[in-house]
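Welcome! Here is a friendly briefing to read alongside the structure. Take a look at the fold, then follow the points below.

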Amino acid sequence: MSLELTFNPDIQLTEMMRLRAQSLQQRGQKRQDGERLLRTSEQVYRLDFTEQALHFTRWNIRISTPGRLNIIATSQLWTPDLTHLMTRQLLEPTGLFWKSAGDDVIQCYEADAQEFGERIAELAKVRKVMYFLFAFEDGLTPESFECSIEFQTSK
């Protein structure tokens, strides 16, 4: 059976992380050693798993304007309500998708996208929610894309 899950923006967590960076800047303080601050072109998205036994099938990415989308997963060790995001909690590979001007086809590094999807399916076995940093580059905005991931369930 097929299951399609949509990535949803976590507005509250994005705002909390932006306030953290802003607070450090206003007080002239530096981030903690290894801490990963949210960049202005990034937003936090979440994926809520309704099933745990999943097998990655494919990405469903729709980009309406030229630009790049880089999706960075966080490890299961990050608990955003308790700790700051650390660089060691970012997973590789990332999912990099882009659309060039005058081109209708969305490009990606297929091997990385496949491995990334498989890794998400593995992490779904131990997580009910997973967080991602979505980096919007080269003119892409949150309003100009849709993103979901498709799995096969074991049922």
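What follows covers the overall chain, the sheet and its helices, and the nonpolar cores.

This is a predicted model, in which local features need pLDDT of at least 70 and side-chain atom pairs count only at pLDDT 80 or more, while totals for chains, interfaces and linings use all residues. Residues are numbered from 1 along each chain as its sequence is written, and side-chain values use heavy atoms, leaving out hydrogens and water.

**The chain as a whole**

- Two helices and nine strands make up the chain's elements; these are DSSP runs numbered from the N terminus, with helices being H or I of at least four residues and strands E of at least two.
- Along the sequence, the pattern reads β-β-α-β-β-β-β-β-α-β-β.
- The chain is as compact as a globular protein of its length, because its radius of gyration of 16 Å is close to the 15 Å that the globule rule gives for 155 residues. That radius is taken over C-alpha atoms, and the rule is 2.2 Å times the number of residues to the power 0.38.
- Of the 155 residues, 44% are buried, meaning under 20% relative accessible area with a 1.4 Å probe, protein chains only.

**The sheet and its helices**

- An open sheet is built from six strands in the order β2-β3-β8-β5-β6-β7, with antiparallel pairing; two strands pair if DSSP finds at least two bridges between them.
- At the edges are β2 (8-9) and β7 (107-108), each pairing on one side only.
- Helix α1 (residues 11-27) packs on this sheet and touches β2, β3 (42-48) and β8, its direction making about 145° with that of β3. Touching here is contact, with heavy atoms within 4.5 Å; the angles run from 0 to 180 degrees between N-to-C directions, using lines fitted to C-alpha atoms, for helices over the stretch in contact.
- Helix α2 (residues 110-124) lies across β3, β5, β6 (95-99), β7 and β8, and runs at about 155° to β8.
- Strands β5 (residues 67-73) and β8 (residues 129-137) are antiparallel and joined by six bridges, and Asn70 stands opposite Ala135 in β8.

**The nonpolar cores**

- The largest nonpolar core has 31 residues, and Trp59, Ile120, Phe132 and Phe134 have the most contacts inside it. Such a core is a set of buried Ala, Val, Leu, Ile, Met, Phe, Trp, Tyr and Cys residues joined through side-chain atoms within 4.5 Å.
- Helix α2 gives the most to this core, with six residues.
- Another core, of ten residues, lies apart from it and includes Met17, Val44, Trp78 and Leu85.

How values were computed:
Buried < 20%, exposed > 50% of the residue type's maximum accessible area, 1.4 Å probe, protein only.
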